[in-house]
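Colleague: I would like to learn how to read a few backbone features. Please take me through them one at a time.

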Amino acid sequence: MWPLIVILIIILLVPVAMYNSLIAKRNQVRNIFATTDALLKKRFDLIPNLVTTVKGYADHERRLLEDITRARANRNWDQISDDEKIVMDNAFRKAVGGVMLAVENYPDLKASVNFLHLQRTLNELEEQISAARRAYNASVMDYNNAVEMFPTNIIAAMGNFQRKNFFEIPETERQAPAVSE
Amino acid sequence: MKTIEQLKAFYDTVLVKDLYVLEEKRRRLVNTFLVTAGIVGILALGGLVIGAQAGGSALIVFIPPGLGILIGGIVYGIQRKDYAGDFKSRIIRGLVGFLDPGLTYSEHGCIAESDYMASKIFTQRPDRYTGDDYVCGRIGATSIEFSELHSEYKTTSTDSKGRTQTHWHTIFKGLFFIADFNKHFNCEVVVLPDTAERFFGRFGQKLQALNFFRGQLIKLEDPEFERFFVVYGSDQIQARYILSTSLMQRITRFAQKTGQTVYLSFGGSRVHVAISYRKNLFEPRIFSTMLDFGPVREYYEDLQVAVGIVDDLNLNTRIWTKQ
């Protein structure tokens, strides 16, 4: 009799444990995305500052950055969907990178205290965002593996756990960090 | 960093004068050793002969050579200490100054036990903590300190006759290095040599995740780095902020270059690096000549392993808000 009860308990507990591990992995993805989101917003908030500081210099690159910002300016950050933020991240990174590269041609701007401070802050932020992207992707991989691999995929299908998208890691970042060390 | 040619020139112009003085002391030390060994040998032989004639009394056999060993040992010990002290204050201090004038050397100092424990690389509190050859100063924008360390814990056992014996076990022996890190962070990350994953593969990774004393397992993307190390941290994102893709490559290269077991940790805005060595570092030779560039080069290279960490891990790059 007892062995039967033990087997029954195990049969009941295993799916519960698998379901809980899927929930834990999904929460981990959400948790990391929340931090990533905070960092992305911080960068978004810094853009007007950058635009003002480089006014009169690197006009073409600055205008590109302004256009990207303006397209989202009329919306609250919280109204932008997660997937859209992932796409935006790429566009912002390229535009900010473009401005920073163009500024190389203006030694007086490069030497200004304001710009130097902004550049350090942006460097740090880019590095933090890069770390957040990597952490997010690692947690998504963990979660997606659980969603697709046997036997957790059965519970995932029953509980409607969907695959999640990765952040695109730019080619340059795979070889070296965005802000070259 | 200075080249080997520059070191050779420094050896020829500065160190060699000191090495002549040291060589003299070394010879005296070897002589003391040989004379003591000779006297002890003669006394032992004499004791044996007299002992045999006097009916095999153990007292006569062992007392004369025992006294010889005691007196010779004391004289040898005093001379050895004087020789080693002189060697360190002349040669190692000279090499440290040559490596970088911004560094200072203290023969008897070592990394504080509180700093060693705060690094959290080794969680066991040592029962015996010793160290020497302490170096501190600044390399560019980075302040550093390092020393040789030996930490041990003890166990006691009781045999069948009720006698207790103390056994000492090494926790860490080697170079312990601390530097100011170039990024702001407020989490703790420990990078340990990976043994579980190397032997057990994916199952090993599962085992690593169960290490409750170390915080969360941080799975990183660099396969080469993951092959060498396992990382635990209190924050998934900040751990990756510290361990950027380039720093992971640099740490892997550094571990390969030293060929030793390397441990790292990041905490309190500092990086701690522990490099295991079997040998005693920065100790003079006794039974072979010191008038040779070979050992000097070896001391220099051992020092360079520690000082070179600043370059190896790129700690002088200050492009973030921490300057």
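Modeller: Start with a loop: A:Pro151 sits between helix H5 (113–148) and helix H6 (152–158) of chain A. Helices (H or I, at least four residues) and strands (E, at least two) are DSSP runs, numbered from the N terminus. The peptide bond from A:Phe150 to A:Pro151 is cis, with omega near 5°.

Colleague: What should I know about the model and its numbering?

Modeller: This is a predicted model, in which local features need pLDDT of at least 70 and side-chain atom pairs count only at pLDDT 80 or more, while totals for chains, interfaces and linings use all residues. Residues are numbered from 1 along each chain as its sequence is written, chains are lettered from A and ligands numbered from 1 in the order in which they are written, and side-chain values use heavy atoms, leaving out hydrogens and water.

Colleague: With which strand does S8 (residues 262–267) of chain B pair, and in which sense?

Modeller: Two strands pair if DSSP finds at least two bridges between them. S8(B) pairs with S9(B) in the antiparallel sense over six bridges, and B:Gly267 stands opposite B:Arg270 in S9(B). Their hairpin has two residues between the strands, and B:Gly268 there takes a positive phi near 60°.

Colleague: How many residues of strand S9 (residues 270–276) of chain B are buried?

Modeller: Buried means under 20% relative accessible area, exposed over 50%, and partly exposed in between (1.4 Å probe, protein chains only). In S9(B), six of the seven residues are buried.

Colleague: Is B:Asp133 buried or exposed?

Modeller: B:Asp133 counts as buried because its relative accessibility is 0%. Its phi is near 55°, a positive value in a residue other than glycine.
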